[in-house]
Each structure stands twice: as structure tokens, then as C-alpha cells.
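Please look over the chain shown below before reading the briefing that follows, which is arranged by topic.

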Amino acid sequence: MMFVPKNNSNSKIKIKKSIFISYIFNIEKKEDINKTIKKYKIKFKNATHVVYGFRIGNKNSFLNGMNDDKEPNLTAGKPTLDAIIHNNLTDTLIITLRYFGGTLLGKGGLIKAYYKSAKEVIKNTSIMEKEELEILSLNLNYNQYNLLLKMKNKLEIEITDSNFSNKINTSIKFKTKNKQKISEFFIKNGLIQEIFKPHKE
């Protein structure tokens, strides 16, 4: 079971005079992550370091990323990402600003500090379960396709990628929690024989 931030939030901690301010975002696309990071680097250009870690996708295909922003290698971005992973979060970006207080923390101290800062902002954020989606590829005749169109709202499905010829190759996207309802409809209307490629998104 994976979770996502329900809202954007922030937190602030102080360790040996250095101030760590973390921001958490619910973001699903890599391009939006890049835009947010760029925005915060400009907005907080006076910060000594602007560190981040992110994870997007689902259990079948995660994309992880991190950056230490001139802190020693793997002492900042990785503990930030680790906090995201340890809390079963996805579609999550955490940016941590560090304002250096004059005392060196050492590699071990930095790892603990960035992990603690990320953990703190997660604790301050409401989270919710990420809804799993599934996709079914279908090969239907026109009567079956029209029936699917008629019932799509009731079944809570999205019809995508339809190609029309003698028969119709199409795909439907739906929430995993509705799978039983959709399966019963398919069996009742003779569509179950047409399913040839189920997979999770």
C-alpha cells in the first residue's frame, strides 16, 4: 500500500545552529518536479544548500531522484529520499533548505539531520492512500463498444486509445477497488472473453 501527501506542508528544525527547513509536495510528473525545484532555488537563493529527494510512480515502476547540492556525496539527498521510501510515499517531492550555522556536522551528522528534517515535514503532513489504477486492453465489436460507452460512467471507467477497423481495439482505465464490479459486468455481457492484456498502471 502506497501513500501520497494530501497537502503541501513545511517544517523547521535547528541542529547546532544550522537551520533546516523542509517542504513537501504531492507531484506526479517529473517536469513539474523540475519546475518546483528551479522555483525554490531562485526563491531561496540565499540558502547555503537546496537539497531534494523525490519518488513518483507506483510499485510497478518507481522513478526516484535526489540531489546533495554541494553537501558531501550521499549525505543530504539520499537521507531525504530514504525518509520518503521508509514512509511508503510516492508522488512526493521534499526540498530541504539548509542555512549553515557555522558548525560542521560531519557526514554522519548531516545524514541524521537531513533525514530528521524530511521525517519532520512528513509527520506534519496529512497523507492519504494512493489509488491504484489498472488498464485492460480490449478487442470489441461495435455493439460491445457501444455498450461500454453507455455504461462507462456507471462503471467508473475511462476509455482510452480506441482504434477502429472491423473490430475496435481499445483500453479502459479503472480503479482497482472497482475491479469486482467491472468483472461482473463483463461476465454478464459476454465481454470477458475479449480481454487479452490486463496490467497495472
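How far apart do the C-alpha centres of domain 1 and domain 2 lie? They lie 40 Å apart, in a predicted model where local features need pLDDT of at least 70, side-chain atom pairs count only at pLDDT 80 or more, and totals for chains, interfaces and linings use all residues. Residues are numbered from 1 along each chain as its sequence is written, and side-chain values use heavy atoms, with hydrogens and water left out.

**Confidence**
- The mean pLDDT (the predictor's confidence in each residue, from 0 to 100) is 90 for the chain, and 95% of its residues reach 70 or more.
- Over residues 193-199 pLDDT stays under 50, and for these residues the model has 20 contacts (heavy atoms within 4.5 Å) beyond four places in sequence.

**Domains and annotation**
- The domain assignment, whose bounds come from an automatic or database source, gives domain 1 (3-129) and domain 2 (133-189).
- An unreviewed UniProt entry carries the annotation "domain: Impact N-terminal" over residues 16-122; such annotations may be inferred rather than shown by experiment.
- The end C-alpha atoms of residues 16-122 lie 22 Å apart, and the span is 38% helix and 32% strand, where helices (H or I, at least four residues) and strands (E, at least two) are DSSP runs numbered from the N terminus.

**Helix packing**
- Helix 2 (residues 77-86) and helix 3 (residues 106-123) pack at about 40°, with their axes (lines fitted to C-alpha atoms, for helices over the stretch in contact, with angles from 0 to 180 degrees between N-to-C directions) 8 Å apart.
- That angle makes helix 2 oblique to helix 3, oblique being what remains once under 35 degrees counts as roughly parallel, over 145 as roughly antiparallel and 65 to 115 as roughly perpendicular.
- Residues of helix 2, including P79 and I84, meet a set in helix 3 that includes Y114 and I122.
- Helix 4 (residues 142-155) and helix 5 (residues 179-188) pack at about 155°, with axes 12 Å apart, which makes helix 4 roughly antiparallel to helix 5.
- L147, L148, M151, K154 and L155 in helix 4 meet K181, I182, F185 and F186 in helix 5.
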